[in-house]
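Please read these points with the model open beside you.

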Amino acid sequence: MDPSKVYSLISLSMRAGKVKSGEFATMEAIRNKTAYLVIVTEDASDNTIKQFSDKCKYYDVPIAFFGDKESLGHAIGKGVRTSLAITDLGLSKSLRKNLLTEETGGGNVNGEN
């Protein structure tokens, strides 16, 4: 699986109006329980990573660490972005499956082939 598939799904989510991006909007989506998946870039600061990890754990929202700030921002047609929330269940499931495949190098995802 190549990362462009993940970025394509993020772009599709944005076009569908199902993305909240930026620190404030992402945190708000987590608190309001409208976030089905939070993506934080791998090059985010340690403080940002801890902040989102703690918040997602508290509110039981899946979190993934993927990509870099420039690529994430580019995927949604904005400037640099460190975090975003996917607010659609179906899109979040598809993204989670692809992110899991990306992290494990392909193969078995959640017991599926």
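1. Two residues are in contact here when heavy atoms of theirs lie within 4.5 Å. The model is a predicted one, and the values below should be read with that in mind.

2. Leaving out residues up to four places away in sequence, threonine 41 touches Phe66, Gly67, Asp68, Lys69, Leu72, Arg81 and Thr82. Threonine 41 sits in the loop that runs from strand S2 (37–40) to helix H3 (46–59).

3. Is threonine 41 buried or exposed? Its relative accessibility is 0%, and buried means under 20%, so threonine 41 counts as buried. Its side chain also makes a polar contact of 2.9 Å with the side chain of aspartate 43.

4. Alanine 85 belongs to strand S4 (residues 83–86). With a relative accessible area of 0%, alanine 85 is buried too. Beyond its neighbours within four places in sequence, alanine 85 has contacts that include Lys18, Val19, Thr26, Ala29 and Leu37. Isoleucine 10 is 75 residues from alanine 85 in sequence, and their C-alpha atoms are 9.9 Å apart.

5. Which residues of helix H2 (residues 23–31) are buried? They are Thr26, Met27, Ala29 and Ile30. These lie on the same side of H2, because the arc they cover around the axis is only 160°. In an α-helix there are 3.6 residues a turn, so residues three or four places apart point the same way.

6. The cover over the buried residues of H2 includes strand S1 (19–21), S2, H3 and S4. Just after H2 comes lysine 33, with a positive phi of about 60°.

Definitions and conventions
Residues are numbered from 1 along each chain as its sequence is written. This is a predicted model: local features need pLDDT of at least 70, side-chain atom pairs count only at pLDDT 80 or more; totals for chains, interfaces and linings use all residues. Side-chain values use heavy atoms; hydrogens and water are left out. Helices (H or I, at least four residues) and strands (E, at least two) are DSSP runs, numbered from the N terminus. Buried means under 20% relative accessible area, exposed over 50%, partly exposed in between (1.4 Å probe, protein chains only). A polar contact is a pair of N or O atoms within 3.5 Å; within protein, one must be able to donate a hydrogen and the other to accept it, and residues adjacent in sequence count only if both atoms are side-chain atoms. The arc is that of the directions from the helix axis to the C-beta atoms.
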